[in-house]
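Have the model open while you read.

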Amino acid sequence: MVTTATPVQVVYKRPTSLSDIPTHYCPGCTHGIAHRLIAEVMDEMNIRDKTIGVAPVGCSVFAYNYFTCDFVEAAHGRAPAMATGIKRVLPDRVVFTYQGDGDMASIGMSEIIHAAGRGENLTVIFINNAIYGMTGGQMAPTTLPGQKTTSSPNGRDVETMGFPMKMAELLSQLDGAGYVVRRSLHDPKNIRMAKKAIRLAFETQVHGLGFSMVELLSTCNTNWGISVLESIQWLEDHMIPAYPIGDYKVSPAVANLKV
Amino acid sequence: MQTEIIIAGFGGQGALFAGQVLAYAAMDSGHQVTWIPSYGPEMRGGTANCTVIIADEEIGSPLVLNPKAAIVLNLPSLDKYEPLVVPGGVLVVNTSLVNRTAQRTDIENVFIPVNEIAEELGNRRLLNMVALGALLAKLPVLSLDEVEKGLVDHLPERHKRLLEVNKLALHRGAEYALQAVT
Amino acid sequence: MSKELLKGNIAMAEAAVRAGVEAYFGYPITPQTELLEWMSERLPALGRTFLQAESEVAAINMLYGAACTGARVMISSSSPGISLMMEGLSYIAGTEVPVVLIDVMRGGPGLGNIAPSQGDYNQIVHGGGHGDYHPIVLAPSSVQEAIDLTVLAFDLAEKYRSIVFVVADGNIGQMMEPAELPPMRPVRTEYPDWAVRGSMGQARHFLSSIYIEPKDEEVANYRMMQVWKRVQENEIRYQEYYLDDAEITVVGFGTAGRIALSAVRNARLQGVKAGLFRPISLNPFPIDELEKISQHTKKLLVVEMNTGQMLNDVQRAVKGKIPIDFYARLGGIVPFPDEILAEILRINQEEIPLEGDPRQRWMKRFAPVINWKN
């Protein structure tokens, strides 16, 4: 028997920035992917020790449990204001918020717009799954026209319920924004693109280049009422046409960053 | 024992500043003092007034219904404060802007054209100091010297070049009040 | 240090600067805007944090974030703005981080007006935000006291990891009086061990008001009540005037209290044995002290610039032992000493029933003052 001395190669390990505990997220939910990508970026940039996360209210209300960096928990929608308070007092730390669509694009619209407008050196990870998850599937500001939810049982009628909020497009208009992009978590290629964007968003902050936001199109198979595989397909078929993946604002200074 | 003085006029006539000069002088002379303005929408171009209380013990209310003295720089202020001055008190009336005489006979009225006197001194904005001088001539709660010192120590730096003429205005007001038939 | 002639709003702002405030967040609102303006000039010049927020909602949450870093932080506003801050305040209470708030109260409810008022008493003293918490509430009646209590507020906030309010009104904010500012304290360089400042090689920190298990929230509520018990035992503040032989004791706080002082003095000049009890800590409220007073004074007169919000607390202290009457001006009207004097003289002559609602008796007497027709 011939033994070959192949060295053991580590091809997968848990990022040290990610807690070694099971999450409370539903099977098939993309929050876990988003968490992991952030943790990998923190590891790669070696910033975990000086990073402070701000958790939202919504499904990711317990996000603070899943990262090993310092964390605080904000009131619903107020994470950008709370993060501003922290960052202004501790400008050499890395501060990020993790917010869902209800938290950021509805109740927290004022706080996010003004944080971006001020060019706060913050990073915002925005999970857009077109529905309120934690409260059980109500209409979100990003719910698509016609989409059925528990509070739009006949589908979102734009005549009475208004149109979806396109946050990346909206925030990209503000001079304080350095880096605003939309990515998706529905397949490996897009997940890799999402990670690069998260990295660039944190780099934007570390280099003091202004507000950065990565919108991540995400699934919620539970509240969409479909299977995991169907939810991935639904994201691809319905969300991406409404929320095109792309770079909405990359300031010249950010474009010149070498990562 | 306390002395209450209300100074009232249009915004821009320097009523609030005249009160502050009085308050600074009172503080520097070792008295207790409060200065409180009317504030709010009315201070934007409308009427402005302040109440100064000078005392020798802890001051309770910074506002009084019936002041010992009032300086009224325009007609609305005369209408409002003339009835309120305590009997035996002092009322300084700016006759430059008031076309009626005062009706009270149980108080000491000082009728003085402070706008014209200020203009004679070369600066219309001195009218508040002219009026303050007139008041102090009749209500010796502080001496002119003490108020002059208040001006010296507290006139904003950018107005320091106007110090001498401010002092002159105080004296001119006092002289007028002492000579005037009241 | 010598005395300067200082405006209340600016005096409170500079007192905070000298007490070592590291971050201030605010939003313009009359009658406290000078405070914000003063901070906008002073704090950046000292290398500290000043930020004008987009709203009071944002400002209180910025304060919340900054407080979580262990920094000395402060916010100021006036009544409608304080209402907007109540959400954030409840989170701050639940997270047990120290903050100082200054409320320069104005007439309300709603937009109301910008004149001096004490209408926020219940909102601030008895809650405001949701949930079970107890802020420390201090009420100055002069510019000097506003300075001293602002400095004290920071120390108490940190000692008890508590919310501390300084409640002034437009009168105190706009008034100038000779007062002495404290010496400049250095900004501290060491932070409490609970502070979220990045783990920096140490153990991870996490701050939140979330206790998802009710049994944990119960423990947290109990812990906060334990802290509050210590506050009640140690932080009662008040001032007494002429109480040694007072037969009629006026009770009033802040501006109403100092106006009452003038009335009490004038009553004494007329031979009426009047005195004044001025609560300084509205929360904790000087219950025991008032109860003691009720044992040797004959009648109480509660004077407020609201419809009797503190009256309820006074009644709680006196427990019906002696009769209480009430006098108030509302909606931004400040009483003159003459009005309170008239009440003292009336009470001196009249029998006041032990039974009945002092507020209702006052409403009856007061109706003609505002030409109220039924």
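## A pairing across chains

Strand S2 (residues 70-73) of chain A and S9(C) run parallel to each other, paired over two bridges. Two strands count as paired if DSSP finds at least two bridges between them. Strands (E, at least two residues) and helices (H or I, at least four) are DSSP runs, numbered from the N terminus. Opposite Val72(A) you'll find Leu207(C) in S9(C).

This is a predicted model: local features need pLDDT of at least 70, and side-chain atom pairs count only at pLDDT 80 or more, while totals for chains, interfaces and linings use all residues. Residues are numbered from 1 along each chain as its sequence is written, with chains lettered from A and ligands numbered from 1 in the order in which they are written.

## Where chain C touches chain A

On chain C, 34 residues are in contact with 27 residues of chain A; contact needs C-beta atoms, placed from the backbone, within 7 Å. Strand S2 (23-26), S3, helix H3 (56-68), helix H5 (86-95) and strand S9 (206-207) of chain C each give at least two residues to that side of chain C. H3(C) supplies the largest share, eight residues.

## The sheet in chain C

Chain C also has an open, mixed sheet of seven strands, in the order S3-S2-S4-S5-S7-S6-S13. Its edge strands, S3 (49-52) and S13 (281-283) of chain C, each pair on one side only.

Within chain C, S6 (residues 136-138) and S7 (residues 163-169) pair in the parallel sense over three bridges. Val137(C) has Phe165(C) in S7(C) as its bridge partner.

Technical notes: Contact = placed C-beta atoms within 7 Å.
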